[in-house]
Structure formats: structure tokens, C-alpha cells
Amino acid sequence: MNRLKEIEDEISRHDKFIIGSHRSPEADAIGSQLGLSRALRQRGKQTILYNRDGVPKNLSFLKGSDSILEHDELPEEVTDVEMGIVVDCSDLERLGDKGERLFRRLPIINIDHHKDNTNFGDINYVESVAATTQIIADLIEYMGLKLDEPIATALYSGIIADTSSFQNENVSANLLGKAAKLLESGADARSVIVNLYEREPFSKLKLLGEVLSTAKFEDRIVWAEITPEKIEKAGATQEDTEGIVGKLRTTEGAKVACLFKKLPEETIKVSLRSKDGVDVSEVAGEFGGGGHRVAAGCMVDGKMEKVEERVLREIKKRMDGVPRSTKQ
Ligand SMILES: [Mn+2]
């Protein structure tokens with residue numbers, strides 16, 4: 001059966017839904033939640049939105065974002081909810097403990113684009129397109145619901161974020177067609193860009209400076225470290241560490257960029273980006289992490305030096321056959 005029809009049928013059988021996504025959400029997660037919720041409300045459905053970590057500041061411009069319940073606001077029991085919809089989330093565990101417990105008691109529709117999705121739903125729509133909001137746009141169209149301005153802006157945010165503003169290799173004609181449709185429906189493209197890319201706190205620039213000044217570049221791999229000392233020196237926050245790995249990837253001749261961030265308790269958060277070849281989700285997978293071909297991550301226990309050594313070794317193993325020159 002057409003999976004969109006399957007989803008529509010399931011949705012029409014129920015009235016009250018909880019829509020969740022992964023912790024530490026970004027625009028594709030929040031955009032999918034908000035877009036889908038607003039669309040379902042056109043059908044008279046009731047929706048509750050949950051995200052363990054709430055909405056990051058730079059996404060608070062999206063209409064309805066203040067309705068998303070975070071960890072402390074979610075009751076343990078939400079008695080009258082009939083169904084869970086999980087968007088942009090590869091694994092139920094990524095909802096966070098409380099969310100996971102709640103969703104496990106419900107039938108679930110799982111809508112996602114991560115190729116390592118565990119198909120945890122009763123209905124699974126997992127398609128490796130650029131952004132989950134792309135799938136939500138298809139669903140809304142299929143159900144004959146209206147793409148109004150707030151929905152279009154929410155969905156467009158997901159596309160912009162997950163393609164790095166149409167810069168990644170996941171950009172296709174089909175995707176641009178969908179983005180065009182969102183703009184026709186009133187998506188506020190400029191405010192998406194301003195909120196996603198032009199609201200950087202100065203401390204974030206200072207931190208970028210600290211981190212880049214000790215970056216290393218050897219054998220087509222560029223990497224850098226974030227330590228609590230660097231964060232403190234820059235007067236920065238944890239949020240300010242976002243986006244640095246993408247900056248590393250812009251290095252000419254680099255095929256893989258990695259950022260090693262020291263967390264408390266001897267754990268290192270590793271963020272990986274690639275261009276022209278290496279599948280970094282495989283590298284992350286070696287350490288129990290995951291993600292996409294060009295962007296992935298994992299947590300590795302151990303001292304910084306050791307973790308770097310191990311991760312770099314896994315990357316190097318996959319360098320064979322990767323062209324030396326950058327695509328022109
Ligand atoms: Mn996504």
C-alpha cells in the first residue's frame with residue numbers, strides 16, 4: 001500500500017497525537033514537528049509536541065515553537081493521547097528517557113530520513129531524502145492539507161538546515177522543486193537564513209578563533225579540539241560549539257573534518273563531516289554512533305589523545321580510493 005495513504009488512514013482513525021523528535025533538536029526536527037502539528041490541526045486533530053531539550057533560541061521565531069513541551073513540562077502520564085508520531089529521529093531512545101517511556105506505550109508512526117533508522121514504528125516511513133521536512137511536505141500535500149505560511153516556513157527551515165543552505169550533496173532537482181513550492185506558499189526564506197546563520201553570539205566567533213588556531217591538517221583530514229578551557233577563555237557556552245566542524249570542512253583538500261569535544265567524565269563527543277567520498281556514518285558506527293554519509297557523530301570514552309588516535313585510524317582505513325583532488 002502507498003505508505004502516505006497508510007499514514008493518512010492511521011491519522012484519520014485517531015484524534016489526539018503526541019509528536020516527538022530527537023533531543024538537542026535542530027531545524028529539521030523542530031520544523032517537522034511544528035509543520036506536521038499545524039497541518040493536522042486543520043483536520044481538527046489535537047496535538048501535543050514534545051522535545052526533551054525544548055526549542056533552541058534561534059528557532060523560537062517559528063510559529064508555535066512555544067507550544068513544544070520539554071522534559072520538565074511533559075507529564076509522566078498523558079492519558080488521552082492515542083498515537084505517537086516521531087519525526088526526524090533514528091531511534092526511540094533519542095527521544096530521551098521520559099519521552100521514550102511515554103511513546104513506547106503508544107502505537108507509533110515513524111517518519112524519518114536517517115539511513116540508520118531502526119524502524120521502531122508500527123508504520124515506518126524512512127526515506128533517505130535530504131530532510132525530514134521534505135517528507136512532511138509530501139504528506140501534507142497528499143492529505144490535501146494547506147501549506148500555509150507558518151507551515152511552509154517551518155518546513156523550509158528543515159531543508160535549509162539539513163542541506164547547509166543547498167550546499168550539500170543531498171541537493172536534488174526534486175528537493176529544489178519542493179523548496180520552490182514552500183516559497184510559493186509563503187515561506188519566509190530571509191528570516192530562516194537570518195535566524196539560522198546570522199544570529200551568532202560574539203562569544204561563538206571568539207570560540208571559533210580559539211578552536212581553529214590549534215586545528216591540524218594532515219593527510220586530507222582536518223581536525224580540532226574543543227576543551228572546557230577554550231570555552232571558558234572565549235566566554236562561550238556549549239551552544240556556541242555548533243557549526244565549528246562545518247567550518248573545518250571548508251579547508252581545501254580536506255576530505256574529512258572532525259571535531260573532538262571534551263565532555264565531563266572522560267567522554268569525547270566526536271563530530272564528523274566529509275566531502276567527496278568517505279562515509280563518515282560508518283566511522284561513527286564503529287563507536288556506537290550514527291548519522292548520514294556526509295555528517296555523523298559519536299561519543300567515545302577515553303582521553304582526548306587516545307580517542308583522536310582511534311577515530312583518525314578508522315577514517316584513514318576508509319581513505320583508499322578517495323580522490324586526492326577536490327571536485328572542481
Ligand atoms: Mn534531519
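Me: Buried means under 20% relative accessible area; by that cut-off, is Asp88 buried or exposed in this predicted model?
Reply: In this predicted model, the relative accessible area computed for Asp88 is 0%. Because the cut-off for buried is under 20%, Asp88 counts as buried.

Me: Which residues coordinate the manganese ion?
Reply: The donor residues follow the spacing D-x59-D-x24-H-x48-D along the sequence. Asp28 lies in helix H2 and Asp88 in the loop between strand E4 (83–87) and helix H3 (97–104), so this pair ties together parts that are 60 residues apart in sequence. Asp28, like Asp88, has a relative accessible area of 0%. With donor distances of 2.2 to 2.3 Å, the coordinating residues are Asp28 (OD), Asp88 (OD), His113 (NE2) and Asp162 (OD).

Me: Which element supplies the largest share of the lining of the second largest pocket?
Reply: The second largest pocket holds about 150 Å³ of space, and its lining consists of Leu34, Ser37, Arg38, Arg41, Thr47, Ile48, Leu49, Lys63, Gly64 and Ser67. By class, that lining has three nonpolar, four polar and three charged residues. Helix H2 (27–42) and strand E2 (46–50) each supply at least two residues of the lining, and the largest share, four residues, comes from H2.

Me: Which partner does Arg3 meet in a salt bridge?
Reply: By the rule applied here, the count for the model comes to 25 salt bridges. The one made by Arg3 has an N to O distance of 3.1 Å, and it links distant parts of the chain, since Arg3 sits in helix H1 (residues 3–12) while the partner, 124 residues apart, sits in the loop between strand E6 (123–126) and helix H4 (132–142).

Me: Which residues do salt bridges that share partners join into one network with Arg318?
Reply: The side chains of Arg318 and Glu314 meet in a salt bridge at 2.9 Å, N to O, and Glu314 counts as buried, at 11% relative accessibility. Through shared partners, the residues joined with Arg318 into one network are Glu282, Glu286, Glu314 and Lys317.

Me: Which residue in E12 stands opposite Ile268?
Reply: Six strands form an open sheet with mixed pairing, in the order E7-E8-E9-E10-E12-E11, and its edge strands, each pairing on one side only, are E7 (216–218) and E11 (290–291). Strand E10 (residues 267–274) and strand E12 (residues 295–301) pair in the antiparallel sense over seven bridges. The residue in E12 that stands opposite Ile268 is Val300.

How values were computed. Residues are numbered from 1 along each chain as its sequence is written. This is a predicted model: local features need pLDDT of at least 70, side-chain atom pairs count only at pLDDT 80 or more; totals for chains, interfaces and linings use all residues. Side-chain values use heavy atoms; hydrogens and water are left out. Two strands pair if DSSP finds at least two bridges between them. A salt bridge is a side-chain nitrogen of Lys or Arg within 4 Å of a carboxyl oxygen of Asp or Glu. Buried means under 20% relative accessible area, exposed over 50%, partly exposed in between (1.4 Å probe, protein chains only). On a 1 Å grid over the protein atoms alone, a cavity is a set of points where a 1.4 Å probe fits but cannot get out, and a pocket is an open set with protein on both sides within 12 Å along at least five of seven lines; lining residues have an atom within 4 Å of a point. Grid points are joined across faces, edges and corners, and a volume is the space filled by probe spheres set on the points. Ala, Val, Leu, Ile, Met, Phe, Trp, Tyr, Cys and Pro count as nonpolar, Asp, Glu, Lys and Arg as charged, and the others, Gly among them, as polar. Donors are N, O and S atoms within 2.8 Å of the metal (3.2 Å for Na, K and Ca); water is not among the atoms, so sites may look incomplete.
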